[in-house]
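Visitor: Could we go through this structure together? I would like to ask about it piece by piece.

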Amino acid sequence: ALALLRDLHLGARAHDVVSVLRGDAVWLAGREAEARVEYEAVLPRVTRAAERRLLLAKLHLLARPAAAELLRDYLLQFSRPGRSPETFERDWIAQLEEAARRMPEDAVVTYLLGRARYNALEHGPAEEHLRASLALGLAPDELRLEALALLVNLQYRRGAWDGAAREARTLAGSGNDEYRAQGEDWLERIAWRRAR
């Protein structure tokens, strides 16, 4: 990673990817401070929402050794080789459940559990955990807005138009262009469904 980072021909995006990978590697080696430096240096340049959320989750866990002990390898996906995606998903949810049990006031861990349940198509538990993360004061804003966006989707799927519209209006009123556009799109979809 260090040799690649010294390569003057490496583009900015590739440089940032290598920096994140280096951060992951030094975190696995037990050098948390170096990992934090790598992630914090890259974060201001990351424009992709999913990548920003992942970096924010990593930074959150770095500040919480008890959570990091349970979740680091799964978050970095180094425990994945040789496992089926279903087994990895089940084990990731089990680790998140244990972390949430040990740290019930950790909004980010609760959000990650809700997100994992959403990805596993476990909509009821996903909604429960996402709501709980918001009630715990989920921050930073990117994670809070993503939790709201997932809740809009879940409520829309089950026909809870009022709840979906309420969350969509919150998204539409946010200062984040991506989530504002999502909120506006959801409001149009909800209005169309109600008119049918």
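Visitor: Is Leu-28 buried, exposed or partly exposed?

Guide: Leu-28 is partly exposed, as its relative accessible area is 30%. Buried means under 20% relative accessible area, exposed means over 50%, and partly exposed lies in between, with a 1.4 Å probe and protein chains only. Leu-28 also lies 8.8 Å from Leu-76, C-alpha to C-alpha, although 48 residues separate the two in sequence.

Visitor: Where do the model and its numbering come from?

Guide: This is a predicted model, in which local features need pLDDT of at least 70 and side-chain atom pairs count only at pLDDT 80 or more, while totals for chains, interfaces and linings use all residues. Residues are numbered from 1 along each chain as its sequence is written, and side-chain values use heavy atoms, with hydrogens and water left out.

Visitor: Let us turn to helix 11. How many residues does helix 11 have?

Guide: Helix 11 has 19 residues, 177–195, and its first and last C-alpha atoms are 27 Å apart, close to the expected 27 Å. The expected span is 1.5 Å times one less than the number of residues.

Visitor: Which residues of helix 11 are buried?

Guide: They are Tyr-179, Gly-183, Trp-186 and Ile-190. Seen down the axis of helix 11, these buried residues fall within an arc of 65 degrees, so they line one face of the helix. The arc is that of the directions from the helix axis to the C-beta atoms.

Visitor: Why would residues spaced like that point the same way?

Guide: An α-helix has 3.6 residues a turn, so residues three or four places apart point the same way.

Visitor: What covers the buried residues of helix 11, and which residues are exposed on the other side?

Guide: The cover includes helix 4 (49–62), helix 9 (141–157) and helix 10 (161–172). On the other side, Asp-177, Glu-188 and Ala-195 are exposed.

Visitor: What is Glu-146 in contact with?

Guide: Leaving aside neighbours within four places in sequence, Glu-146 is in contact (heavy atoms within 4.5 Å) with Arg-53, Tyr-111, Arg-115 and Tyr-179. Tyr-179 is also one of the buried residues of helix 11.

Visitor: What about the loops? Where is Pro-140?

Guide: Pro-140 lies in the loop between helix 8 (123–135) and helix 9. The peptide bond from Ala-139 to Pro-140 is cis, with omega near 5 degrees. Another loop, between helix 7 and helix 8, holds Leu-121. Leu-121 has a phi near 65 degrees, a positive value in a residue other than glycine, and is exposed, with a relative accessible area of 62%.

Visitor: One last topic: which helix gives the most to the lining of the largest pocket?

Guide: Helix 4 does, with seven residues. Helix 2 (12–28), helix 5 (65–75), helix 6 (85–102) and helix 7 (107–119) are among those that each supply at least two residues.

Terms used. Helices (H or I, at least four residues) and strands (E, at least two) are DSSP runs, numbered from the N terminus.
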